[in-house]
Protein chains: 4
Amino acid sequence: MLRFDCDYTEGAHPKILEKLMATNYEQTVGYGEDDYCKKAAEIIKEKCSRDNLDVHFFVGGTQTNLTVISAALRPHQGAITAITGHINTHETGAIEATGHKVLTAPSTDGKITSHQIQAIYDNHYKDSSPEHTVQPKLVYISNPTEIGTIYSKTELTAISETCKKNNLLLYMDGARLGYGLCAEGNDLDLQSIAKLCDAFYIGGTKIGALFGEALVISNSTLKSDFRYFIKQKGGLLAKGRLLGIQFTTLFEDDLYYDMSNHANEMATLIKNAFIKKGYKFLSASNTNQQFPILPNEVIEKLKSNYIFSYWEKVDENHSAVRFCTSWATKKEAVLKLIASIENI
Amino acid sequence: MLRFDCDYTEGAHPKILEKLMATNYEQTVGYGEDDYCKKAAEIIKEKCSRDNLDVHFFVGGTQTNLTVISAALRPHQGAITAITGHINTHETGAIEATGHKVLTAPSTDGKITSHQIQAIYDNHYKDSSPEHTVQPKLVYISNPTEIGTIYSKTELTAISETCKKNNLLLYMDGARLGYGLCAEGNDLDLQSIAKLCDAFYIGGTKIGALFGEALVISNSTLKSDFRYFIKQKGGLLAKGRLLGIQFTTLFEDDLYYDMSNHANEMATLIKNAFIKKGYKFLSASNTNQQFPILPNEVIEKLKSNYIFSYWEKVDENHSAVRFCTSWATKKEAVLKLIASIENI
Amino acid sequence: MLRFDCDYTEGAHPKILEKLMATNYEQTVGYGEDDYCKKAAEIIKEKCSRDNLDVHFFVGGTQTNLTVISAALRPHQGAITAITGHINTHETGAIEATGHKVLTAPSTDGKITSHQIQAIYDNHYKDSSPEHTVQPKLVYISNPTEIGTIYSKTELTAISETCKKNNLLLYMDGARLGYGLCAEGNDLDLQSIAKLCDAFYIGGTKIGALFGEALVISNSTLKSDFRYFIKQKGGLLAKGRLLGIQFTTLFEDDLYYDMSNHANEMATLIKNAFIKKGYKFLSASNTNQQFPILPNEVIEKLKSNYIFSYWEKVDENHSAVRFCTSWATKKEAVLKLIASIENI
Amino acid sequence: MLRFDCDYTEGAHPKILEKLMATNYEQTVGYGEDDYCKKAAEIIKEKCSRDNLDVHFFVGGTQTNLTVISAALRPHQGAITAITGHINTHETGAIEATGHKVLTAPSTDGKITSHQIQAIYDNHYKDSSPEHTVQPKLVYISNPTEIGTIYSKTELTAISETCKKNNLLLYMDGARLGYGLCAEGNDLDLQSIAKLCDAFYIGGTKIGALFGEALVISNSTLKSDFRYFIKQKGGLLAKGRLLGIQFTTLFEDDLYYDMSNHANEMATLIKNAFIKKGYKFLSASNTNQQFPILPNEVIEKLKSNYIFSYWEKVDENHSAVRFCTSWATKKEAVLKLIASIENI
């Protein structure tokens, strides 16, 4: 069985393991105050071409999301997201568990628009007694989205301006950011994201690290006392240097982008094979996740040799499924899959 | 500078890194549902000589504590602890952040007694309207404690009986459990702990793992739906197998105990050196943490070559400090420290 | 200006004030443990024809909802409601502030169906790893709904059976329960509601009391330790007898139903006047709230003499508005309004 | 049996009931936006001799405390209080339920000192990594305290200055404020309190109202969006005017002070009777609560004719008890009690 079900089926890129081996006996202070974390933060700031950024490292994405959002909001405030947003669908109410409502906008492509954000804002304040409803305060977007689509620079700029105009914070979940930045058609980069967002994170877990997400904060209010929040929510890793070492490795020599490009190339091969057979897709993804809509009997057939994710029912006879690639996806595995698709 | 400030200054025992290397390209399902986690759970259950246990793996201790305690309590209930308990002192209000009061008992040796627990319980229910105060429901103990002392089997049995009698849950924080189980004078083992506690965790982060804590639950009510709580609090590691691989390595061939014994031996050497010089200690510790009470000028002098932790002021001229050892503590470093102590 | 904007524009029915005057100098124990509260609870149990009920009194509806729901749920569980449910729309995220997600089903008539509940339940458990999403555990319905519609006995029975089958709790918000029980076409009564629901509350604030809601709990698990939750959430009224006195007065001599009937009659007069003019309604309400859909210029005109609530935009030229009646609505005021409607 | 167990055993001062009767049929907008609330707020601001104050009305004290404190703190911050503070002892963990730790200082007279506050602050920041402990941010005091003592202007000024210096908020719980302001030896007034505190509340429930507390906020940060917090926590009374009417009545013609003076006078009579018999007191109270320390057999004897509160055990043969007076305490009842004391 070959696995295409997610982008964290293997361990880490070998360079990361090598670096962990090489540094294993060094003695460092704990909790992310070591030199490796400092160096990783410096590299990330350089890549973002900005000085006034704070960088913090987390082990996982849900932890990052709940820590940032609960730190950013006062008790009566909520987070706006596309209804498909990860915080609304697959984090077991982690945001609500910190006391905050998730305010949703309908979406078919995984994205939210600046107009939807403005409408939610206006709708709240149209009421002369808005205090009976949750005050919108932060906009959560994921890029790439949960279904592999990406925001254009124009779209992100419009969202950022809408947020600034209305005193909303903009936060980007970049669990798969590398795949987005390396996608065909993408015109965003770390510099523009750091400029347009109040905070965002660069995902490592799903792009070749053992684990780890690098949170970048540009908003000065959100920066204050931030390490308290990480500790309180259980996210302060004792051997914090493990995160610093990994992110240093990911961003030295552009390993992060190399791995992202590889995964995207593998995904494109798979995508083209499905296109060639005439199948449609749930979303227009150029990233490492592909969501072909297949007849149910084809799905059953492919399941005998491949593991992939069931996504959703489309009609009585068809369902959308997800194929995922990563740094570790081997070309021969992809070619085998393509052959199976061609033989359907 | 030689570090004795904590037991997580290095990476992991080399066997763990080797195992991570060896398994790096295997494809496994995520979130702790892989075979390595299953195997690690099986080994731990065997070591506890019990079948009806649930084992879950976490990345860190604060995360484990807040997840267990918030899962165990209804909103009006609180956790009893010695005032020195980690949840009361060094977790930034993580328990309170989940909505629960920490109820404290005075302590000079880091431990709580069964009589203190009974007194807190009785004091709550003596009131005809107890609903005006927080209902005690769970007892948190750490073993070894934050100041290196350990519970005897007699003490733990008395606490367990008091808990059962009063329908309280007993939870042991074993962040440094190995050091306790290998300490001179200890008469507890995993079997007795699994029998006497409703839940406890076996710490890996501070005993040779890169990170990781293995939570063992024997109470059936607490078992139900437990994975939801881990996910909601941000503790479900995507590449969960990293935890399974580490705990398998720790408990195969008793590596966990070997490392604990080594650390305790190194700590005993340090302890004896201070004793020889006539110094007293903050606590009677036979574990890897030693808390000598030193004249402030001696502390200043030692600081020029060693890093260790300031613990607390004892009087105008004396303070307690902490020296910590671990699997990675080298004997030559200890001997150098001993020489410095002798030369004071 | 005549007010029809809500059902709490006046004080209380004079019989309630008289009773407060008559008992003012009596000395009673506080916090709802007095004889008036006991008596009111007894009367309510009699009206429900059940012994095994617990009755608690609250000052307001949001307080009641948040206390019940947070008491009923464990941290990973959520409450199902029609998207129009009060807890989802007009309580400033009070449920989320206690840590729980509100799970919504689409609705155009203010109600949720047993099939929708079953679908939400099935959708959660269809996943082999349901722990990544919030576990549905409680169903919140309001009767009458926020837009004045009511559940039939058949509908409520189906919902109750679906809940029991799936181990879900059923909770009814009865902020305006009297208006529903007295509505034309209603076939529910307190007995059937107490039998079919795990908990429900009988609203006093909007039906002639100064303030007050009587929560009735039949589910034995939910009963335990309930006074703790009221106290912790700030809902335990010091002079608790004020609630006992009011509910005794409301249910002795059926004052509650008399007032409800009066309000419904007044609302029906208004409804018929709008029907006669050919207007449609947002909902099929036979209760004290009427939601005619009016041309915007008609709304403007009526606003010069009457205060009523803007509800929602229907199209460019039409909006739904709300007219509310209560025990205190005077027939001459209604006749004046009707004349104005006729003269549109 | 005559009740001296608390100051809310009767209803309300008759003037309040009269006012409720007189205004019963008036139609007003709900949720505290009516003219009575506005007027009451104006009167209170005048009494405080300050314009830039926000005034909000609550039904009860626990509700007020939890709403203010959770609004004032970010997630990692805690509230400092004397260990005897109401939020630490008798509110069922209401503050913790909103996510915040209560940080306590030892106290034998119910008060906290500016030095203790400074010490807690310094102790937190002495650590180079303070993020492992809860950040102190707000100081909670009650005046009079839970055991009837009062703060002097000198003490309150010192506390206020310490708070300002360290960027801490100062909040006073004035559940029994009137009794304090009218106590022999008091040198505080509403003007000085409004100047020295960031927020405080004027208690009505325990001083002659049916219910109600008037929260006064001078700190501009705390003012923002405050009505959201009241609503979210379930504290926004639908018929909000009930609070406005009561506080207008309390502060017109100084009824509030008249009632407080009466209660204090009655308490002084009781106090003197105990003094005359040679009994000591738990605290030096000149307010409406008196805490004589009595032989247990005397307590038993008095219990046959009077209801009063058991407070705490002092030694094997003695306990402290509480006698409370209020606006409604009749002189003949007090004289009867005094006679009983004299006959011990």
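This briefing covers the chain interfaces, symmetry, salt bridges and backbone features of the structure above.

The model is predicted; local features need pLDDT of at least 70, side-chain atom pairs count only at pLDDT 80 or more, and totals for chains, interfaces and linings use all residues. Residues are numbered from 1 along each chain as its sequence is written, chains are lettered from A and ligands numbered from 1 in the order in which they are written, and side-chain values use heavy atoms, with hydrogens and water left out. The model scores ipTM 0.97 and pTM 0.98.

**Confidence**

- Chain A has a mean pLDDT of 97, where pLDDT is the predictor's confidence in each residue, from 0 to 100.
- In chain A, 100% of the residues reach 70 or more.

**Interface of chain D and chain C**

- A rotation of 180 degrees, with 0.0 Å of shift along its axis, superposes chain D on chain C at an RMSD of 0.0 Å. That is the relation of a two-fold axis. Superposition is by least squares on the C-alpha atoms of residues with pLDDT of at least 70 in both copies.
- The contact (heavy atoms within 4.5 Å) takes 46 residues from chain D and 46 residues from chain C.
- The copies meet through the same surface, because 100% of the interface residues of chain D are also interface residues in chain C.
- About 4200 Å² is buried between chain D and chain C, and carbon and sulfur atoms give 57% of that. Buried area is the accessible area (1.4 Å probe) that two parts lose on being put together, summed over both.
- The rule finds zero salt bridges between chain D and chain C. A salt bridge is a side-chain nitrogen of Lys or Arg within 4 Å of a carboxyl oxygen of Asp or Glu.
- Polar contacts between chain D and chain C come to 26 residue pairs, both at pLDDT 80 or more. A polar contact is a pair of N or O atoms within 3.5 Å; within protein, one must be able to donate a hydrogen and the other to accept it, and residues adjacent in sequence count only if both atoms are side-chain atoms.
- On the chain D side, β1 (2-3), α1 (14-22), α3 (61-72), α5 (94-97), α11 (226-232) and α12 (241-251) each supply at least two residues. These elements are DSSP runs numbered from the N terminus: helices are H or I with at least four residues, strands E with at least two.
- The largest share of that side, four residues, comes from α1(D).
- By class, the side of chain D that touches chain C has 23 nonpolar, 15 polar and eight charged residues. Ala, Val, Leu, Ile, Met, Phe, Trp, Tyr, Cys and Pro count as nonpolar, Asp, Glu, Lys and Arg as charged, and the others, Gly among them, as polar.

**Interface of chain C and chain B**

- The same surface serves both copies, as 100% of the contact residues of chain C recur in chain B.
- Here 25 residues of chain C are in contact with 25 residues of chain B.
- The area buried between chain C and chain B is about 2100 Å², with 48% from carbon and sulfur atoms. In chain C, Arg74(C), Glu131(C) and Tyr228(C) lose the most area to chain B, together 34% of what that side buries.
- The rule finds two salt bridges across the interface of chain C and chain B. Glu131(B) forms a salt bridge with Arg227(C), with the closest N and O atoms 2.6 Å apart.
- Polar contacts across the interface of chain C and chain B link 18 residue pairs, both at pLDDT 80 or more.
- α3 (61-72), α6 (114-125) and α11 (226-232) of chain C each supply at least two residues of the side that touches chain B. α11(C) gives the most, with five residues.
- That side of chain C has eight nonpolar, eleven polar and six charged residues.

**Salt bridges**

- Over all chains, the structure holds 48 salt bridges.
- Arg227(A) forms a salt bridge with Glu33(A), the closest N and O atoms being 3.6 Å apart. Arg227(A) lies in helix α11 and Glu33(A) in the loop between α1 and α2 of chain A, so the pair ties together parts that are 194 residues apart in sequence.

**Backbone features**

- A cis peptide bond joins Asn143(B) and Pro144(B), with omega about -5 degrees. Pro144(B) is in the loop between β5 (135-142) and α7 (153-165) of chain B.
- Asn143(D) and Pro144(D) are also joined by a cis peptide bond, with omega about -5 degrees.
- Ser49(D) has a positive phi, near 55 degrees, and is placed in the loop between α2 (35-47) and β2 (54-58) of chain D.
- Asn167(D) has a positive phi, near 60 degrees, and lies in the loop between α7 and β6 (169-173) of chain D.
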